[in-house]
Amino acid sequence: MIAAAAPPRAPLGTIDLLLRDRASMLERIRAGVDLMPILRTMIAAIAIATAIVGAALGSYRGGVQIAYAAIKLPLVLLGTAALSTPTLSAIGAALGRRARFRADLALVISALAFGALLLAACTPLILLGRAIELSYHQMILGTVGIFAIAGVASLRMIVRSVAAEHAPGWRAAIAGMCVVFALVGGQLSWALRPYLVRPRTPEPVFMRPVEGSLFDAIAGAFQSARGIYSRDRAPVPEPRP
């Protein structure tokens, strides 16, 4: 009742609520209070926070790669939300949970905004890795670890909210959504790569052709970081005359 009677919050107040009192934030979403203002604020938070993180990743190569990564990373998170939310609503509705797509979208977007803000808080770690000249593969593994932590935090927020509904089929809805969330987020990030580019790369590209999967790339990076390579050396493109 408190959440339903609360007045609309300014964007910064909504972000402060997300960071300081997620229980109240989730209650407002479940009550359907100010969903559109929440959506607008959270989308803006995702765009700004992930653009900062993307720029930090792109700075490992520098130049135009900073802009490329700053543009693509927000698209990954927003695309993941757009493709994952229908799974949560559809599976839940099929098993007896009340269908409410707008509230589910606000929940998923808010959870991803929380994860994006965590990523932004970890930006100094990315810049530190660049400053101490970590190898390319070490930077990749560190980046994957940071993103995994943010992803788990986002999923935990979604699970906490849906579980509080005590609605029929909420466990199956969450399980299906988590699977889609991981697959869609992982493959979408892979499709829009690169973000972190070797400094010696002559000309970064906005997107690379799809080769293998994200999980193959992570396994290869882990082996390379340990000094185990599948070939003698990585090819270095010849500079243009």
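How many helices and strands are there in the protein chain? I counted 10 helices and zero strands, where helices (H or I, at least four residues) and strands (E, at least two) are DSSP runs numbered from the N terminus.

**Before going on.** I noted that this is a predicted model, in which local features need pLDDT of at least 70, side-chain atom pairs count only at pLDDT 80 or more, and totals for chains, interfaces and linings use all residues. Residues are numbered from 1 along each chain as its sequence is written, and side-chain values use heavy atoms, with hydrogens and water left out.

**The whole chain.** From the N terminus on, I read the order of elements as α-α-α-α-α-α-α-α-α-α. I looked up burial next: 41% of the 241 residues are buried (buried means under 20% relative accessible area, exposed over 50%, partly exposed in between, with a 1.4 Å probe and protein chains only). The accessible surface comes to about 12,500 Å², and 66% of that belongs to carbon and sulfur atoms; the areas come from the Shrake-Rupley method with a 1.4 Å probe, and for residues only the protein chains shown count as cover. I also checked contacts (heavy atoms within 4.5 Å). Among those between residues at least 6 apart in sequence, 74% join residues at least 24 apart.

**A helix pair.** I picked α4 (residues 35-58) and α6 (residues 101-121), which pack at an angle of about 30° with their axes 8 Å apart. The axes are lines fitted to C-alpha atoms, for helices over the stretch in contact, and angles run from 0 to 180 degrees between N-to-C directions. That angle makes α4 roughly parallel to α6 (under 35 degrees is roughly parallel, over 145 roughly antiparallel, 65 to 115 roughly perpendicular and the rest oblique). Among the residues that meet are L39, I46 and V53 in α4, and L105, I109 and L112 in α6.

**A lysine inside.** Is K72 buried or exposed? I found K72 buried, with a relative accessible area of 0%. K72 sits in helix α5 (residues 64-94). Leaving aside neighbours within four places in sequence, K72 is in contact with L192, R193, P194, Y195, V205 and F206.

**Two positive phi values.** I looked at D34, whose phi is near 55°, a positive value in a residue other than glycine. D34 lies in the loop between α3 (22-31) and α4 and is partly exposed, at 22% relative accessible area. E133 also has a positive phi, near 60°. I located E133 in the loop between α7 (123-131) and α8 (136-165), where E133 is exposed, with a relative accessible area of 70%.
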